[in-house]
Amino acid sequence: MVIGSLNMDMVVRTGRIPEAGETLIGQEFALSPGGKGANQAVAAARLGAKVAMIGSVGRDSFGAELLEIMCQEGIDTRHIAKSAARATGVASIIVDGDGENRIIVVPGANTELQAKDMERLEEVIREAEMIVLQLETDLGMCEAAAAIAHRHGVPVILNPAPAQELSSGMLAAVTYLTPNETEAGILSGIAVDSMDSAEAAGQALLAKGVQHVIITLGSKGALIVDAAGSRHVPGFPVQAVDTVAAGDSFNGAMASKLAAGSSLEEAVRFGNAVGALAVGKRGAIPSLPRLAEVERFLEETEAAQ
Ligand code: ADP
């Protein structure tokens with residue numbers, strides 16, 4: 001069960017960024033489904049997990065399109081609300097000639113989901129094998145979802161992105177916390193720029209009550225820190241084309257494996273393979289691989305070793 005955001009990404013490619021008051025002719029425009037919740041839900045569904053999503057879109061064409069795409073991916077959309085009050089969330093993304101992104105997110109309908117909605121959906125959350133959360137929606141709602149899941153013994157993956165301060169109650173309800181290096185730094189107060197500092201940040205987060213910390217390290221893979229110690233799970237060397245949705249693909253993949261009963265190490269290795277495949281292609285959802293592609297990639301990688 002993924003509880004999170006659904007956005008329409010509007011991507012404009014331009015040679016350079018316009019100055020204030022200037023109008024430029026850009027090179028390319030693309031509309032694509034996104035939002036961390038939607039990305040993670042699709043990532044897990046493409047890898048064979050049975051996925052349902054709790055979210056909120058507007059009663060507009062973007063909302064209808066997002067629901068349609070989620071349905072096509074085989075995701076249960078029964079608990080995605082259609083808000084009459086707010087427009088579907090959008091991300092306006094400008095990519096310049098150097099491939100640098102500038103992003104403005106207008107959350108819109110995503111903010112409509114509140115803690116009281118989680119209480120209403122308590123039975124649905126209780127029935128889930130696993131809950132996957134990010135921080136693009138209302139924080140009180142995320143806290144309520146995590147608390148309900150925790151109360152019923154349902155494991156919670158929290159991808160703390162975009163990073164923000166979290167209460168100790170929230171952290172204590174998290175089974176698997178998956179920050180990247182920047183987010184781990186913000187949450188722990190320890191700047192992460194090496195394996196040693198990543199481990200120190202992981203330990204600090206364990207001390208706050210999280211059960212397992214998995215710090216993603218870009219091309220270097222991920223570091224697991226928990227009561228069993230810390231283990232580095234190396235990444236897969238690939239030519240990165242576009243790192244959009246690397247973290248989302250990793251989280252969806254890790255969730256799908258854990259829900260299927262794999263060990264944390266196996267799930268993280270699988271997440272690294274999926275992350276590597278996602279950075280090899282442009283876009284968010286278009287870059288998310290299917291199970292057969294990941295299995296082929298892992299076989300080829302093993303054969304080459
Ligand atoms: P985020 O996208 O949230 O900043 P990371 O950059 O840490 O997160 O990427 C998430 C995961 O995606 C990494 O743990 C790794 O498995 C994979 N990944 C990211 N960048 C690369 C890369 N350049 N080469 C191979 N794998 C990558």
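**Exercise 1.** In this predicted model, find which of the 16 residues around the ligand come nearest, and describe the shell by class and by element.

*Solution.*
Step 1. Asn 180, Thr 216, Gly 218, Gly 221 and Asn 272 come nearest among the 16 residues around the ligand.
Step 2. Sorted by class, the shell holds 8 nonpolar and 8 polar residues, and no charged ones.
Step 3. α10 gives the most to this shell, with 4 residues.

**Exercise 2.** Identify residues that place a polar atom within 3.5 Å of a ligand oxygen, and state how much of the ligand the protein buries.

*Solution.*
Step 1. Start with the backbone: an N or O atom of Gly 218 is 2.9 Å from a ligand oxygen, and one of Gly 247 is 3.0 Å from a ligand oxygen.
Step 2. Turn to side chains: a polar atom of Asn 272 lies 2.7 Å from an oxygen of the ligand.
Step 3. The ligand taken alone exposes 550 Å², of which the protein buries 82%.
Step 4. Two or more residues of the shell come from each of α9 (246-259) and α10 (264-279).

**Exercise 3.** Work out the strand order of the open sheet with 4 strands, and explain why β3 and β7 each have a side without a neighbour.

*Solution.*
Step 1. The order is β3-β2-β6-β7, with mixed pairing.
Step 2. β3 (28-34) and β7 (101-106) are at the edges and have a single partner strand each, so one side of each lacks a neighbour in the sheet.
Step 3. On average, neighbouring strands are turned by 15° against each other, direction ignored.
Step 4. β2 (residues 7-13) pairs with β3 in the antiparallel sense over 7 bridges; Met 8 stands opposite Pro 33 in β3.
Step 5. Helix α2 (residues 61-72) packs on the sheet and touches β2, β3 and β6 (89-95). The direction of α2 makes about 105° with that of β2.

Methods. Residues numbered from 1 in each chain as written. Predicted model: local features only at pLDDT ≥ 70, side-chain atom pairs only at ≥ 80, totals over all residues. Heavy atoms only, no water. Near = heavy atom within 4 Å. Polar contact = N/O pair within 3.5 Å; in protein donor to acceptor, adjacent residues only side chain to side chain. Areas by Shrake-Rupley, 256 points an atom, 1.4 Å probe, with all protein chains shown as cover. Nonpolar A, V, L, I, M, F, W, Y, C, P; charged D, E, K, R; others polar. Pairing = 2+ DSSP bridges. Axes fitted to C-alpha atoms, helices over the stretch in contact; angles between N-to-C directions. Contact = heavy atoms within 4.5 Å.
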